[in-house]
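I'm jotting down what I looked up, one item at a time.

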Amino acid sequence: MAVEIGGMGHSVKRKEDPRFIRGKGNYVDDLKLPGMLYMDIVRSPYAHAKILNIDASKALAIPGVAAVITGKDLDAYKLAWMPTLMSDTQMVLPIDRVVYQAQEVAVVIATERYIAADGVAAVEVEYEPLPPVVDPFKALEPGSPLVRPDHADRPTNHIWHWESGDKARTDQLFAEADVVVKEHIYLPRIHVSSIETCGCVASFDKVSGKLTVWMTTQAPHAIRTVFSLVTAASAVGQIPEHKIRIISPDIGGGFGGKVPVYPGYVCATAASVLTGLPVKWIEDRSENLQADSFARDYHMDVELAAKKDGRFTAMRVKTLADHGCADAAANPSKFPAGLFNVCTGSYVMEAAHVEVDGVYTNKPPGGVAYRCSFRVTEAVHAIERIVDSMAQKLQVDPADLRMKNFIPPDKFPYKSPTGWEYDSGNYPAALKKAMDKVGYAQLRREQARKRAKGELMGIGISTFTEIVGAGPSHTFDILGIKMFDSAEIRVHPTGSAIVRIGVQSQGQGHETTFGQIVAEELGLPVENITVEHGDTDTAPYGLGTYASRSTPTAGAATAMAARKIRDKAKLLAAHLLEASPDDLEWVDYKFQVKGTPSKSKTMAELAFAAYTNHPQGMEAGLEAVSYYDPPNLTFPFGAYICVVDIDRGTGEVKIRRFVAVDDCGNIINPMIVEGQIHGGLTMGMAPALLEAITYDENGNIQQGTMMDYLLPTSMETPAWETDKTTTPSPHHPLGAKGVGESATVGAPPAIANAVVDALSHLGVTHIDIPVTPWKVYEILKAHGLTEE
Amino acid sequence: MTTHKVKVTINGQVHEAKVEPRLLLVHFIREVANLTGTHIGCDTTSCGACTVLVNGTLMKSCTVLTVQADGANIQTVEGLEQNGQLHPIQEGFMQEHGLQCGFCTPGMMLVGKALLEDNPDPTEAEVRKAISGNLCRCTGYVNIVKAIQYAGKKMQESAEVKTPAAVHAEG
Amino acid sequence: MRFEGHETINAPIEAVWAFFMDPHRVAECAPGYQSMEVLSPTRFKPKVGVGIGVVKATFTLDVELDELREPEHVLVKAHGVAAGSAVDIHGGADMKPSSPTITEMDWTATVNVSGTLASVGARLMESTARKLTARFFECVREKVETPK
Amino acid sequence: MIPPPFEYAAPRSLSEAISLLQEHGSEAKVLAGGQSLIPLLKLRLASPTFLVDLRKVPGLSTFKESDGHLVVGSMVREATIEHSPLIRRRYRGLVEASEVVADPIVRNLATLGGNLAHADPANDHPSMMLAFRAHVMAVGPKGTRRIPIDEFLVDTFETSLAPEEILTEIHIPQPTSQTGSAYIKLERKVGDYAIAAVAAVVTLDGGICKQAGLGLTNVGPKSIRPTKAEQFLVGKHLDDETIREAARLAAAAAEPTSDLRGPADYKRGVVRTLTARALHQAAQRAQKGASH
């Protein structure tokens, strides 16, 4: 490692920052095109209703309103429905019925944003309310209102059943177990609520037939393909993929909420095709909270079996997954419940059996990420909570119980009972480090002293294992598109380079970190490397950024492409140094004749030669492309310890300390990794204490604005204490693992466990998140412990 | 609808326009003055992405009517850099990794700048309180606190460098 | 949201019944009543500005009287849409005379508010709906007691 | 979100403002700091056709002690109150209420008068004013009217102001050397309305409570004065037991409903806790004042 090139392991300052700190970012809403129209959306007040009539005459009478588009209009082009990423269908605009509150009903196109909003207020819709079904358990009862009568083959609200693991063996182990614990655990609906909402500018050029869409999307290439396929199935006729350009410019936070295709994107695009003018649609916060895809909503019955000595033998989970009105999750297609069956976590056990049933309800489509795709947060919450219940039942320290059951460091790669192969890990080391840092033994003594005085404090542990970086492509695809990822590198004659990648940044700092990978592999200074992404006309095809997959997939592709370049550069060096390639070695970012540092060539020199002095028979230029198909996922992990104090007068939970030890293998940029962990912890704390989306019995969302959907401020957020261990991934070319979501996955059970721990002497074994003051107070009250 | 003629100075440049009374100041800044560094993140004055300085006072420009700001002197993120020189708060955010997606950053930096003008050496608790009207979804606030404190130190250093001359001039 | 109440009305039951059969008089008790279109003796469309203080939404209601059992029982169904919000009301009143000039009325109302008002104003919804419903039936009592 | 259209004027005098209100009747609305009104307009939950902006009306943005009262102009910003050494020294509860209104940036615009005139039961100042036994001054076509705070607060979003009247001043009785005040709010996060909050003002005389004022925020259709609790305190030593009983009486006076902030019973429990804490705090401050 050399500091001057800014390669692996350096806290290089971000290349993105100079534009952002000057207010010169380029977000979708910043774009203004000549003649651009604005779109606004009429939404349903009802969660379930027939649409009897839509009267747009008053809206159309407003000067500046250009058009009002309804589901019937789209239906004429066979565009009223679209596929979801899980091969279900969802309405773009309804033809005759709405199935969730705030569903799109019609769109108004106008010359100005304000006029479009007036147009929306002037559209008169006549509804006939239908009884909604909001509770997924009731949705499965006979006689429940049917959310999707359009699925003629499926006359119930049950979508699918999925299971994993060895049922017979698991049941047998439970029958033979000395100790069994069981909890019903609910992870509520939550919403990523990135500070930038969703939106797009669609611009269809009638002359060239080219459609350009600037879009808040985490996966521009996949969107392009979906758009082409959707138009192919429509009466508009296919827009061929080379005539569709999706541009994902600067994105103000994604976290999974910007993976799906929302009706607004399709409507704006349809409006642009119809009018031949650019059309901008930017949703407001209420629309974002009410109608965009949600995460979680998992009702889990979790059981753990153990021997008397505390050794785990088996785990059993039964889950009801509330998907709202469509299965619009962003999971790999063979995994309707994502990677939920990684729920055996960091522990050895012989068998496990996991069942999930997907259910329709009259709510917006759910099942996308909240800074954790693929249901890993759900899995980790299940195991980390139930391990604490087991410790409580066995009356042993939860840290000791974890140490006893951890997968031993020498057992990697480890095959889990549900079939995952964990690449590497050292769980005891991480937990030990966290315990030392927080002063665990001392805290337990303090807790005992306080309990004696009637004061309530709790210590919660979470030792989680994440699973990130999908592919491999033999197992993972989205709508049939394999989950590889890509990079393309061109080294210019004077020793600078451009890198284009198939993934897309929403704040992760790809322009910096992918440059560092190339710097490390090629020995070119990071400041001489431009990284581009997000434009489907220029970047190589990739599946996008979510599920902490950028580094595991495109990061690996970048390293592999760079290595191809280095291979060619070696031949150039051999030519220039008049040596055999076999006699060359790569030392200090240079090719040198083995043992003779004076005879060497830098990459800059070799790049120049690639265009000016390449050997006969060799193609000129120095560039490479790699489509990387990872051999396995990566399994980052961590040990978190949370200390809470509880106010007996109000039920308030205050996080006093939170120590997070993370292990994501080799690190490209420690500054960026630490920043991601800070953010991830905050998005782990938020649903643990504050955020939840709930509905009343009529299907009204009860958190329709940020006044009630409670994003933490700097005051609720504790001062995170972070540390790390390093266990490289054996199969990743850089030894790296993904990290963006680890903290969001690992933090909630640490907090929930801390609160339960504070109340465990009262016999409390579980509290559902968010742990609100009133929930805690009611427990205290039941035990006569409120402050008087 | 009656329109009102307004004159608003933004970052030293005068913008005159006829506006509807309902035009929100943030839309005036973004759409009329074409300064898109000021962002919109919510409808309910919750997030602070639209924060600007109006006559030196922090305001959420999505909750101010343009007509209310008639005659005002406004500073936005685009006005922080002067003569090609970054403001210390901008340096602080870059040096301390106080931003990720960059969407809340303009508001956060203006809050930091205003805080440091009142309190050049704020504690962590003081910074946290000052930025509590601005939401960030990426950073967990840790590095934003550091960025603002970095800028405070930097401003104090440059003030110290200037002090002898200033004393001399006054003396 | 379900509400119920009892009013003692100083009027004969026939007068109370006559009141309910007169859409114009009933509508006058609707909170924020602005105007009305009468479609039939039992179906009418009043426009009302429902709200408290500055918070206000203008609904065009579709009101239908049902299950008429002269003079003691009537059901009222109302349904209306405002920008972004909707309201559905099922109300019922049962009357019986406690003397020739006094009528006892038991009423119930189920009020469902949907959309923006319910999502954003949830914290105020119940108390407001309760208040407006109570005001309606109180107004009914007052109007019936006031000779036309 | 985009407000509906409306007309606007920023009159330069109170009389001009009043005539505008008279002209436009109940469809007109006074615009003070706008931090509650403008969000309502954006959500299209309010649609006044005319806004009368008070920002150019002289004399509404100052405060001073005079005539036995702290006289605060209705357009005085929360941030101004928060940062006033005079108010902090003598009217601590008022500062504490201002400090928990919304968030620091909103407080740069939000006004005391707006907070009271909006009459949201979740707003912080109405209950603090109940505890202070403040009164407000309103100016209308018929002249100036003095309205005790209990009469001013009528119901949710309703005050006793006539549509053409403007709230101009808030008068808070000056404390004795043995008066202490406090405002304690429990909120889900910064910027939130209270789960519940309690305002307390006590005046001691040789350790005995001479006068007590209490106000409860967001536990009823309007801010609540728990009269029985106040009466119970008068004439007693403010020891733990007295305060405990007063807290119980205050909780009994609360009329909370169950909502996202918690079940009604919980809120009653919080009122009890916060009443006790606010009384302890106020009493401590009163004693400290006495010792000076």
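I started with the order of elements: along the sequence, chain C reads β-α-α-β-β-β-β-β-β-α-α. That goes with 4 helices and 7 strands in chain C; these are DSSP runs numbered from the N terminus, helices being H or I of at least four residues and strands E of at least two. Chain C is as compact as a globular protein of its length, because its radius of gyration is 15 Å, close to the 15 Å from the globule rule for 148 residues. I noted that the radius is taken over C-alpha atoms and that the rule is 2.2 Å times the number of residues to the power 0.38.

Ground rules, for the record: this is a predicted model, where local features need pLDDT of at least 70 and side-chain atom pairs count only at pLDDT 80 or more, while totals for chains, interfaces and linings use all residues. Residues are numbered from 1 along each chain as its sequence is written, chains are lettered from A and ligands numbered from 1 in the order written, and side-chain values use heavy atoms, leaving out hydrogens and water.

Next I checked dimensions: the C-alpha trace of chain C spans about 45 × 30 × 25 Å along its principal axes.

Then I looked up contacts (heavy atoms within 4.5 Å). In chain C, 48% of those with a separation of 6 or more are between residues 24 or more positions apart.

How much of chain C counts as buried? I got 47% of its 148 residues, with buried meaning under 20% relative accessible area (1.4 Å probe, protein chains only).

Last, confidence: the predictor gives the complex an ipTM of 0.96 and a pTM of 0.97.

Conventions. Buried < 20%, exposed > 50% of the residue type's maximum accessible area, 1.4 Å probe, protein only.
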